[in-house]
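Dear colleague,

The structure you asked for is below. My notes on one helix and the sheet beside it follow.

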Amino acid sequence: MTKVFINGDFLNEKDAKVSYEDRGYVFGDGIYEYIRAYEGKLFTVKEHFERFLRSANEIGLDLGYTVDELIDLVRQLLNENNVKNGGIYIQATRGVAPREHSFPTPPTKPVIMAFTKSYDRPYEQLENGVYGVTTEDIRWLRCDIKSLNLLGNVLAKEYAVKYNATEAIQHRGETVTEGASSNVYAIKDGAIYTHPINNFILNGITRRVIKWIAEDYGIPFKEETFTVDFLKNADEVIISSTSAEVMPVIKVDGDDIGNGKVGDVTRKLQEGFNKYIKSHSI
C-alpha cells in the first residue's frame, strides 16, 4: 500500500488526511516542489530543496527543516514506496487555522505532506518532439515563488489540451515568459535564448542543468527576453521541467519550428542531460 508523509508520519494513503481548515486548501497558502528519481536516486535534490526553502522564506513560512533533513525525508519516502523511477511531490502549507486572510496569530505549525509516483522517462516524446500553443500569461507577478496558486497554469494547460498540444507557451504582451509547467527556450544560429531570471518566471532546476550543459559544450546561453515572433522563427524550440527533461517542440500554433524535426543543439543538450543524471543523482 502506498505511503504518504504528513508531518513526521508515514501513513497508508487511506489514512492520509488534512483538515478542511488547512490554509493550503482554503487560500492556496503554501509552496511545493517536485523531485525526479532515476534508478532509486534523487536528481538535483539539493537544488530543489534550496529553492523550496527560498520559496518558504519569500512567503514568511518557517518550516523548521534543513536541506539535508528534507533530503532524508524524501529518500525514506522513496524507499517506503519502493519507487525506482518516478517523482516525489512535497508541499508545505501555513497550517490549520480559522479562515482569516491574514497570517494566524500566534503562528500555526506548518503542514508538510509528500507522496511519490512511479513512471518512466518520456522516451517517445524526447525522440520525436511535441507540439506547443501560445497563450497570454495571466498569472500573478511572483512566479519566482513555487506556490500552490496554480489556477493560471491550470487554465493555460487546459488550453493546450484543447488544441492537442503538450504545452502552453505563455507570453506577456509579445514577450515569451515560460510554459504552463516548464521553462521555454528558442535556439537560433546555434545559441540558446531563454527569459532571464526574475519575478516573471520560475528559476527551473532543469533550466539550471541546461545552462550547465551549454557551458560544458560551449553553446552560447543567452538569458534575454524574446518575442513570440522570434520563438516561431527559431531554428529549434525546447521546453524543460523536472518531468519533461529537455523536450523538443517541433510545432507551435500548428506551424513547424525550423524543419519540423528535432535539431542538433537539442540532441546535444539531451546527451548532456543523460550525463548529468548520472553525475547529479544521490
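Arg-51 is located in helix H2 (helices are DSSP runs of H or I with at least four residues, strands runs of E with at least two, numbered from the N terminus). The model is predicted: local features need pLDDT of at least 70 and side-chain atom pairs pLDDT 80 or more, while totals for chains, interfaces and linings use all residues. Residues are numbered from 1 along each chain as its sequence is written, and side-chain values use heavy atoms, without hydrogens and water.

With a relative accessible area of 7%, Arg-51 is buried (under 20%; exposed is over 50%, partly exposed in between; 1.4 Å probe, protein chains only). Leaving aside residues up to four places away in sequence, its contacts include Glu-33, Lys-146 and Arg-208 (contact means heavy atoms within 4.5 Å).

Other buried residues of H2 include Phe-49 and Phe-52. The buried residues of H2 pack against E3, E4, H3, E5 and helix H6 (205-217). Just after H2, Gly-60 has a positive phi of about 70 degrees.

The sheet is open, with six strands in the order E2-E1-E6-E5-E3-E4 and antiparallel pairing (two strands pair if DSSP finds at least two bridges between them). Its edge strands, E2 (9-12) and E4 (41-42), each pair on one side only. E1 (residues 3-6) and E2 are joined antiparallel over four bridges, and Ile-6 stands opposite Asp-9 in E2.

Regards
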